[in-house]
Amino acid sequence: MADSMIRLEEVIKTFPGADRPAVDGLSLEVGRGEFVTLVGPSGCGKTTTLKMINRIIEPTSGTIWVDGAKATDMPAFELRRSIGYVIQQIGLFPHRTIAQNIATVPELLGWDEARIRRRVAELVELVGLAPEMLDRYPSELSGGQQQRVGVARALAADPPVLLMDEPFGAVDPIVRGRLQDEFLALQRELKKTVVFVTHDIDEAIKMGDRVAILNIGGVLEQYDTPDRILAEPANDFVAGFLGADRGIKRLSLIPLRSVDLPTGAVCDVSDTPETAREAMLAQGWDWVTVLDGERLLGWVWGSELEGVSKVGEATPRPFRVTVDAGATLREALDAIVNTRNNVGVVVEGDAYRGILTLDLLTVELTR
Ligand SMILES: Nc1ncnc2c1ncn2[C@@H]1O[C@H](COP(=O)(O)OP(=O)(O)OP(=O)(O)O)[C@@H](O)[C@H]1O
Ligand SMILES: [Mg+2]
């Protein structure tokens with residue numbers, strides 16, 4: 001890659017006394033502004049790899065470049081300034097307040113107090129923490145709040161590179177999902193170069209522009225975009241790691257918005273019953289979706305239009321299940337499998353976008 005931000009070349013780490021390397025000949029390139037997830041089973045060398053990038057651990061052999069310079073040739077303080085690190089298990093300092101925790105790197109860099117205070121206030125807002133938490137200690141925060149502090153601390157000196165070691169590992173799935181969404185939104189603005197470690201393949205697929213799948217012994221089994229990994233796993237290890245539901249997982253990569261949705265039988269409140277009946281006939285339906293301009297009002301039975309002069313004289317019922325166009329196909333599938341006819345009405349705000357059926361999802365899967 002022409003503009004790589006992090007490059008590992010044939011990196012090996014053998015810990016003293018170990019009979020095999022923890023990381024064995026790892027070569028990996030991360031582009032500027034790219035979000036790479038590093039995923040693999042426990043003990044496969046993920047943390048070791050991150051720690052070699054910021055030189056908490058020295059490689060046994062091989063070379064690591066950060067922003068065009070050999071990491072081993074850079075003074076450690078300079079390297080540290082360009083790399084934010086979110087350590088595994090959050091690792092906040094228990095006897096320092098939240099504000100002091102976040103200020104760790106700026107203090108090391110010798111910023112003056114006023115500048116540090118401004119930056120801490122900014123970061124607290126950025127990661128969605130309440131300012132009154134600043135004077136508390138880590139044990140007085142929930143797991144999710146502590147993880148936000150961990151991210152704020154890593155971002156403090158605005159480094160171009162972020163290394164994140166299971167940053168959302170210690171929270172329940174719902175909080176985790178929210179932290180993931182928030183961080184993705186933040187990343188769209190910050191455009192950091194991110195190496196994000198997880199052992200959760202779903203998280204890796206959701207978060208990464210590319211996913212690096214490591215095997216025990218720090219062996220890189222596949223490094224590619226989530227879609228290509230799911231569509232063409234390189235070998236049995238990768239396929240096994242992805243799980244039997246990798247077809248369904250692919251659906252989570254496709255935005256509903258990208259699918260051409262049929263509109264079904266649809267009419268406007270101002271239409272005559274005849275127009276509505278033609279729309280139903282064309283689809284073979286005995287009901288019709290009613291719109292007011294773009295706005296979705298609901299649906300009526302064809303029989304309810306008998307004797308009225310305009311569709312608007314009948315009272316439309318609301319659809320029980322609507323899916324927002326911003327959802328992924330995976331989320332849309334979840335929404336419609338539980339409906340009686342496996343059909344979902346897609347809306348954007350209150351505007352009608354079309355009808356999603358299971359058949360349509362199947363077509364997308366086999367693309
Ligand atoms: N300081 C160390 N001294 C000796 N061996 C180590 C050291 N740190 C890690 N190891 C070994 O290196 C291997 C890789 O460890 P590492 O912490 O990188 O795994 P990991 O992929 O981060 O695992 P997890 O998902 O459990 O966090 C393991 O076998 C571990 O026991
Ligand atoms: Mg680890």
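**Overall view of the protein chain.** In this predicted model, the protein chain has 14 helices and 16 strands. Its radius of gyration is 26 Å, well over the 21 Å that the globule rule gives for 367 residues, so the protein chain is more spread out than a compact globule. Taken along the principal axes, the box filled by the C-alpha atoms of the protein chain is roughly 85 × 50 × 35 Å.

**Domain 1 and domain 2, and the contact between them.** To the contact between them, domain 1 gives 5 residues and domain 2 gives 6 residues. On the side of domain 1 that touches domain 2, the residues divide by class into 2 nonpolar, 2 polar and 1 charged.

**The open sheet S2-S1-S4-S5.** This open sheet has 4 strands, which follow the order S2-S1-S4-S5 with antiparallel pairing. Its edge strands, each of which pairs on one side only, are S2 (23-31) and S5 (69-70). Strand S1, residues 4-13, is joined to strand S4, residues 61-66, by 5 bridges, and these two strands run antiparallel. Within this pair, Ile 12 stands opposite Ser 61 in S4.

**The surroundings of ligand 1.** The residues that surround ligand 1 include Phe 15, Ala 18 and Ala 22, the run written as Ser 42, Gly 43, Cys 44, Gly 45, Lys 46, Thr 47 and Thr 48, and also Gln 88 and His 199. Sorted by class, the shell around ligand 1 holds 4 nonpolar, 7 polar and 1 charged residues.

**The β-α-β unit of S14, H13 and S15.** Strand S14, helix H13 (residues 329-337) and strand S15 together make a β-α-β unit that is right-handed. The two strands, S14 with residues 322-324 and S15 with residues 343-348, run parallel and are joined by 3 bridges. Asp 324 has Val 347 as its bridge partner in S15.

**The hairpin of S15 and S16.** Strand S15 is also joined to strand S16, residues 351-357, by 6 bridges, and here the strands run antiparallel. Across this pairing, Gly 344 stands opposite Leu 356 in S16. The hairpin has 2 residues between the strands, and Gly 349 takes a positive phi near 65 degrees in it. As background to both pairings, strands of a sheet pair through backbone hydrogen bonds, and they may do so in either a parallel or an antiparallel manner.

Notes: Residues numbered from 1 in each chain as written. Chains lettered and ligands numbered in written order. Predicted model: local features only at pLDDT ≥ 70, side-chain atom pairs only at ≥ 80, totals over all residues. Contact = placed C-beta atoms within 7 Å. Nonpolar A, V, L, I, M, F, W, Y, C, P; charged D, E, K, R; others polar. Near = placed C-beta within 6 Å. Pairing = 2+ DSSP bridges. Right-handed = clockwise from strand over helix to strand, strands pointing away. Rg over C-alpha atoms; globule rule 2.2 N^0.38 Å.
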